[in-house]
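Hello,

Here is the structure I promised to pass on to you. Please have it open while you read, as my notes follow it piece by piece.

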Amino acid sequence: MAQRRVLVVLAHPLPDSFAASAAMTVREALETAGHIVDFLDLYAEDFDPRLTAAERAAYMTPDYDASEVAPLVARLKAADALVLVFPQWWFNLPAIMKGFIDRVFVPGVAFDHDKAGGRIVPLMTNIRSFAVVTSTGSPWWVVRFYMGDPVRRILKRGVAAFCAKRLDFRMFALHDMDRADDTKRMRFLEKLRRSFIYF
């Protein structure tokens with residue numbers, strides 16, 4: 001298996017959270033497989049998720065300035081694969097993860113605006129694999145049938161499909177987290193370990 005550079009992004013405020021354990025499991029499995037892991041803990045690095053007034057004002061212009069998040073842009077551009085790790089809150093991404101996408105997946109980095117208007121042009125050709133590791137307090141049937149699996153739709157049909165081409169998208173979700181015992185949680189971590197050794 002060819003060596004990859006994988007950007008693993010964690011969004012959880014508590015360092016002893018299950019999300020942090022999942023992120024470390026992913027990291028260790030990738031490193032065991034010989035991949036290079038760039039680990040980005042958004043809370044630990046004090047990332048500001050708020051799109052600035054200047055960023056929003058320039059969003060549709062041809063000279064969008066992403067200099068305020070240039071170090072994160074460089075880390076995204078250097079990656080061959082991307083793994084996002086976060087809990088789902090209110091059937092959605094945590095605000096800090098949404099802000100990471102809002103501020104880093106921007107024109108000139110993740111996509112360009114079609115000069116003729118309408119569709120956007122994917123630019124994240126460096127990313128060949130995109131994985132999501134998440135948990136939700138609700139049972140799978142509530143997420144899937146009642147809510148329509150919004151996080152999967154947003155990240156797979158929205159972000160991944162619009163910013164990259166022909167990438168491998170995978171999602172690992174632990175449902176019913178609020179009632180999960182240690183055995184269920186450990187099984188999920190073991191599933192992650194096995195999956196990311198062959199990522």
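Phe 47, Phe 100 and Phe 105 are linked into a cluster by ring pairs. Rings of Phe, Tyr and Trp (for Trp, the six-membered ring) pair here if their centres lie within 6.5 Å; planes under 30 degrees apart count as stacked, over 60 as edge-to-face, and the rest as tilted. That rule gives a count of nine aromatic pairs. One of them joins Tyr 59 and Tyr 64: the ring centres are 5.5 Å apart and the planes stand at 80°, so this pair is edge-to-face. Tyr 59 is buried at 17% relative accessibility, and Tyr 64 is buried too, at 11%. By buried I mean under 20% relative accessible area, with exposed being over 50% and partly exposed in between (1.4 Å probe, protein chains only).

Phe 172 and Phe 196 make a tilted pair, because their ring centres are 5.3 Å apart and their planes are at 50°. This pair links distant parts of the chain, with Phe 172 in strand 7 and Phe 196 in helix 7, 24 residues apart. Both Phe 172 and Phe 196 are buried.

Before going further, a word on the source: this is a predicted model, in which local features need pLDDT of at least 70 and side-chain atom pairs count only at pLDDT 80 or more, while totals for chains, interfaces and linings use all residues. Residues are numbered from 1 along each chain as its sequence is written, and side-chain values use heavy atoms, with hydrogens and water left out.

Five strands form an open sheet in the order 2-1-3-6-7, with parallel pairing. Strand 2 (36-41) and strand 7 (168-174) are at the edges with a single partner strand each, so one side of each has no neighbour in the sheet. From one strand to the next, the twist averages 15°. Helices (H or I, at least four residues) and strands (E, at least two) are DSSP runs numbered from the N terminus, and two strands pair if DSSP finds at least two bridges between them.

Which strands does strand 6 join through bridges? Strand 3 (residues 81-87) runs parallel to strand 6 (residues 129-135), and seven bridges join them. Ala 81 has Ser 129 of strand 6 as its bridge partner, and Pro 87 has Ser 135. Strand 6 is also joined to strand 7 by seven bridges, again running parallel, and here Val 132 is partnered by Met 171 in strand 7.

Strand 6 is mostly covered, with seven of its seven residues buried. On one side these are Ser 129, Ala 131, Val 133 and Ser 135, and on the other Phe 130, Val 132 and Thr 134.

Helix 7 (residues 182-197) lies across strand 3, strand 6 and strand 7, and runs at about 165° to strand 7. For such angles, axes are lines fitted to C-alpha atoms, for helices over the stretch in contact, and the angles run from 0 to 180 degrees between N-to-C directions.

Ala 22 sits in helix 1 (residues 18-32) and is buried, at 2% relative accessibility. Ala 22 and Leu 189 are 167 residues apart in sequence, yet 6.2 Å apart in space, C-alpha to C-alpha.

Is Asn 126 buried or partly exposed? Asn 126 is partly exposed, with a relative accessible area of 23%, and belongs to the loop between strand 5 (120-122) and strand 6. Leaving aside neighbours within four places in sequence, Asn 126 is in contact with Leu 76, Lys 77, Ala 79 and Asp 80. A polar atom of the Asn 126 side chain lies 3.2 Å from the backbone oxygen of Lys 77. Asn 126 and Ala 78 are 48 residues apart in sequence and 7.7 Å apart in space, C-alpha to C-alpha.

Last, the charges over rings. The charged end of Arg 4 sits over the ring of Phe 199, 5.4 Å from its centre; the rule asks for NZ of Lys or CZ of Arg within 6 Å of the ring centre and within 35 degrees of the ring normal.

Best wishes

Note on methods
Contact means heavy atoms within 4.5 Å. A polar contact is a pair of N or O atoms within 3.5 Å; within protein, one must be able to donate a hydrogen and the other to accept it, and residues adjacent in sequence count only if both atoms are side-chain atoms.
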